[in-house]
Amino acid sequence: MNFKRIWAISSKEFIQIKRDPRSLGLALVIPVFLLLIFGYGLSLDIDRVPTVIWDQDASSQLTRDFLLNFKLSKYFKIVRYTDNYRDIDNLIDRNKVLMALVVPKDFSHYLESKKTAPLQLLVDGSDSNTATIAMGYARSVVQKYNADLLTESFAEAGFRPSKTVNLRSRVWFNMGLNSRWYIVPGVISMIIMIIAALLTSICIAREWERGTMEQLISTPVKPQELIIGKFIPYFTIGFFDLSVGVFMARVLFGVPFRGSYFLLIILSALFLTGALSQGILISAGARTQLLASQLATLSTFIPTTLLSGFIYPIFNMPKFVQAVTYLIPARYYISILRGLFLKGNGIQVMWNEAVFLLLFAIIMFSLAIRKFRKKGV
Amino acid sequence: MIMNPAAQSSNIAVKVEDLEKKFGDFIAVNQINFEVKQGEIFGFLGPNGAGKSTTIRMLCGIYTPTSGKGTVGGFDIVKEQHNIKQHIGYMSQKFSLYDDLTVEENIDFYSRIYNIPKNEREKRKDETIRLAGIEEFRKRLTRTLSGGWKQRLALGCAIIHQPGIIFLDEPTSGVDPITRLNFWNIIKDMAAQGRTIFVTTHYMDEAQNCDRLMMIYHGTMIAMGTPEEMKTSIMKNEILEIVMPEAEKWMEKVSQLDSVKETALFGVNIHAVVYDSGKATQDIKDFFRQQGINDYSVNRIKASLEDVFVSLIETYDEEHKDK
C-alpha cells in the first residue's frame with residue numbers, strides 16, 4: 001500500500017466534493033433536517049388526548065367534581081362541551097377529537113343512591129394504538145375515582161380498609177419517559193448509515209459512469225488504496241454528521257449523554273466503516289449514479305428505520321422478523337447509542353454489539369475489495 | 001524505459017499467443033497472435049465491436065484473458081498486471097479526466113498516482129500543458145475545454161510517467177482534422193524517442209501512419225503487415241477506378257459483369273474490385289459501348305487501405321456465411 005497514492009485520491013475527492021454543492025448539501029444539511037423532523041415531529045408520547053364532553057347531568061356538583069379529574073389530568077385536553085350526539089359524530093369524523101365522554105342525566109342520582117352509575121366513553125378506533133392508550137388513561141381516572149368512593153363509604157361505615165397493594169414505580173434512565181430521548185439516538189444512526197452508503201456509492205458509480213474508473217484501473221492503483229482513498233473524505237463527513245447529531249441531541253433536545261465519548265468515537269468508526277463499504281459494494285454492482293443511489297437508499301433506509309428497533313420495539317416483532325433484525329447493523333449501533341446516551345454503559349455490557357459492528361465492518365470491507373478486484377483493478 | 005531484462009534483449013514490446021476473451025458465450029477476441037516491436041507504431045484496425053478495445057484492455061491489465069498468454073514489456077498479462085501498469089500509458093476511448101477538476105489539478109492527480117518525485121512534478125506538468133497546447137487554460141475547469149484540447153490533455157496525463165509502451169484506443173474519434181493531424185505528430189515524435197505505440201483506429205488515412213497494421217474482424221485477425229504489404233501482397237484482387245457522370249446509377253450494373261467481383265462508390269467515382277484488370281477493363285469498355293456511353297475513363301489504381309479492408313471483410317463474410 002502506498003500512502004501517497006491514497007492521499008492523492010483523497011485530496012482529489014475533497015476537491016470534487018467541494019465543487020459539487022449538491023452532494024455537499026446532502027452531506028451537511030440533510031442530517032440537520034432529519035434530526036429536526038424526527039426530533040420534533042415524531043413523538044411517540046400520547047398526552048393531551050382531544051376530548052369532547054356531553055354532561056347531561058350538568059346541574060349536579062357531584063358530576064362536575066367527577067369531570068374535574070379529567071380536566072386536571074395532563075393526558076386529556078377538553079376541546080369542547082356539547083349537548084347532542086350529532087356534534088360528537090361530526091367532531092370525531094373531522095378528527096377534532098379522539099374521544100367523547102357522555103355523562104348520563106341521572107349520573108349523580110345513581111351515585112347518591114349508592115348504585116353503580118353508567119358512563120359512556122366513545123373512542124375513535126381508526127388509530128387503534130392511540131385509542132387503546134387513551135382508553136387506558138380514561139380507565140385509570142375512573143378507577144382512581146372509584147377507589148376514593150370506596151374508601152369514603154368504608155369510612156362512613158366505620159371500617160378501615162387494609163391489605164392493599166401500593167405499586168411504586170420508578171423509571172430509570174429516562175425519568176420523564178420522554179420518547180424523544182429514545183428516538184434521537186436512532187435518528188443519528190439512520191443519518192450515518194444513509195449518508196455514508198449513499199455518498200460513497202454515488203461517488204464510485206460516477207467514476208464508472210464517466211469512464212474515469214477505467215483510466216484509474218489502468219494505473220498502478222491497488223483496490224485497497226482506491227477504497228481507502230475514497231474512505232477518508234466520507235469518513236470525515238460521517239464524523240462531522242455524528243458531531244452535529246450529538247450536539248443537536250444534547251443542546252436542542254436535551255438528551256443527556258452519560259457514556260464515554262471515546263467509546264462513541266471507536267464504535268461509530270466501526271459502524272461508519274461498514275456503512276461506507278456497503279456503499280462501495282453497491283456501486284460496484286450498479287454502475288450508474290441513479291441506480292446506485294436508489295439501491296443505497298433502499299438497502300439502508302428501510303431496514304434501518306423498520307428493523308433496527310429505531311421506532312418499533314424488536315421484542316414486539318414476529319419471531320422470524322426478529323431473526324432478520326440480527327443482520328441489521330443499525331440494530332447494534334442504535335442499542336450502543338442508547339446505552340451511551342441514556343444509560344452511560346461501558347464496553348463490558350456492550351461488547352456483544354461491538355463485536356457485531358466489528359464483524360460488519362470487516363465483512364463489508366473485504367467484500368468491497370474483493371468485488372472491486374473481480375471487476376478489474 | 002524500464003523493462004523486464006528478457007524483453008530488453010529481445011526487443012519485443014508486446015507479444016500474445018492464442019489470446020482469447022469470452023463474455024459468456026460471446027467470443028469477443030478469438031485466439032489472436034501477434035508481436036509488437038519496441039519503438040513501433042502498431043495500428044489495430046477493425047470496425048466497431050471487432051474486439052479492439054477488449055484486446056487493449058487485456059494488454060493493459062484491465063481484463064483478464066479467458067485463455068492464451070501474452071507479455072507486455074516482458075511482464076505476463078495474467079500474473080504481472082501490477083508491473084505492467086507501472087510501465088504503460090493507456091488512453092481509453094471515452095474521455096477520462098475529471099471534468100470538475102482544473103487542468104492543473106488533473107495533471108497533479110495523475111503525477112501523484114504514478115508516484116512521480118516531487119522535484120520532477122512541476123517540470124512534467126509544464127511539459128504536459130505544452131503538449132496539450134493549453135498554457136492559457138491552466139486554472140480552467142477541464143469541463144470548459146473543447147474536445148480537441150481535452151483529448152490532448154488526456155493523452156498528456158496518460159503519459160505523464162513517461163511509459164515505454166503507450167496504448168491509445170481510438171484517440172482521435174470525434175476530434176477535428178487539425179487536432180487529428182497534431183495528435184499523429186505527437187504519436188510519431190513519441191515513436192521516434194523509442195517508445196512503442198499501440199493504437200486502434202477506424203480511420204484508414206490514419207492507419208497509413210503506422211509502421212505495421214493488424215486487421216481484426218469478429219474477434220479474428222484477418223490480416224497483418226505494413227500498410228504497403230496490405231495494399232500489394234495481401235490484397236489478392238485489383239482495383240479499377242471508373243470516372244463518369246452519374247456514377248451511382250451505373251455502379252450496380254457494372255458489379256453484375258462476370259469479371260467484376262464487387263463495386264463501391266468512393267466519392268463520385270466507382271471502385272471496382274476485379275480478379276484480372278486487363279480482362280475486366282475490356283468487359284467494362286464493351287458494356288459501356290453497348291449502352292452508348294463514351295464520356296468515361298477506366299484506370300487501374302493502387303488499392304487504398306479502405307479497399308483492402310472492405311475486400312477482406314467481404315471475403316471473411318463469404319467464407320463464414322453458413323456459420
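Buried means under 20% relative accessible area, exposed over 50% and partly exposed in between, with a 1.4 Å probe and protein chains only. This is a predicted model, in which local features need pLDDT of at least 70 and side-chain atom pairs count only at pLDDT 80 or more, while totals for chains, interfaces and linings use all residues. Residues are numbered from 1 along each chain as its sequence is written, chains are lettered from A and ligands numbered from 1 in the order in which they are written, and side-chain values use heavy atoms, with hydrogens and water left out.

**View 1. A:Thr51 in strand β1 of chain A.** Strand β1 of chain A covers residues 49-55 and includes A:Thr51; helices (H or I, at least four residues) and strands (E, at least two) are DSSP runs, numbered from the N terminus. A:Thr51 counts as buried because its relative accessibility is 1%. Its side chain reaches the backbone oxygen of A:Val49 at 2.9 Å. Apart from neighbours within four places in sequence, the residues in contact with A:Thr51 (heavy atoms within 4.5 Å) are A:Phe76, A:Lys77, A:Ile78, A:Val79, A:Arg80, A:Val97 and A:Met99.

**View 2. A:Thr82 in a loop of chain A.** The loop that holds A:Thr82 runs between β2 (76-81) and α4 (85-93) of chain A. Is A:Thr82 buried or exposed? With 10% relative accessibility, A:Thr82 counts as buried. The side chains of A:Thr82 and A:Asp87 make a polar contact at 2.9 Å. A polar contact is a pair of N or O atoms within 3.5 Å; within protein, one must be able to donate a hydrogen and the other to accept it, and residues adjacent in sequence count only if both atoms are side-chain atoms. A:Val52 is 30 residues from A:Thr82 in sequence, and their C-alpha atoms are 7.2 Å apart in space. Not counting residues up to four places away in sequence, A:Thr82 touches A:Val52, A:Ile53, A:Trp54, A:Asp55, A:Asp87 and A:Ile88.

**View 3. The two domains of chain A.** Domain 1 is made of 3-43 + 183-375, and domain 2 of 49-156; the bounds come from an automatic or database domain assignment. Between the C-alpha centres of domain 1 of chain A and domain 2 of chain A lie 50 Å.

**View 4. The largest nonpolar core, with 154 residues.** A nonpolar core is a set of buried Ala, Val, Leu, Ile, Met, Phe, Trp, Tyr and Cys residues joined through side-chain atoms within 4.5 Å. Which residues touch the most other members of the largest nonpolar core? They are A:Ile188, B:Val14, B:Phe34 and B:Phe167. Helix α7 (residues 179-210) of chain A supplies the largest share of this core, 16 residues. With neighbours within four places in sequence set aside, B:Phe34 is in contact with residues including B:Val14, B:Phe42, B:Phe44, B:Leu59, B:Phe198 and B:Met224.

**View 5. Domain 1 and domain 2 of chain B.** Chain B has 12 helices and 14 strands, and 53% of its 323 residues are buried. Domain 1 covers 5-224 and domain 2 covers 232-319, with their C-alpha centres 37 Å apart. Contacts between the two domains of chain B involve 13 residues of domain 1 and 9 residues of domain 2. The two domains bury about 1,000 Å² between them, 83% of it on carbon and sulfur atoms; buried area is the accessible area (1.4 Å probe) that two parts lose on being put together, summed over both. On the domain 1 side that touches domain 2, α8 (204-207), β9 (212-217) and β10 (220-225) of chain B each supply at least two residues. The largest share of that side, 4 residues, comes from β10(B).

**View 6. The interface of chain B and chain A.** Here 28 residues of chain B are in contact with 28 residues of chain A. The two chains bury about 2,500 Å² between them, 53% of it on carbon and sulfur atoms. In chain B, B:Tyr98, B:Arg112 and B:Ile113 lose the most area to chain A, together 23% of what that side buries. Across this interface there are 3 salt bridges, each a side-chain nitrogen of Lys or Arg within 4 Å of a carboxyl oxygen of Asp or Glu. B:Glu105 forms a salt bridge with A:Arg19, with 2.8 Å between the closest N and O atoms. The side of chain B that touches chain A takes at least two residues from each of α3 (81-87), β6 (88-91) and α4 (103-113) of chain B. Of these, α4(B) gives the most, with 5 residues.
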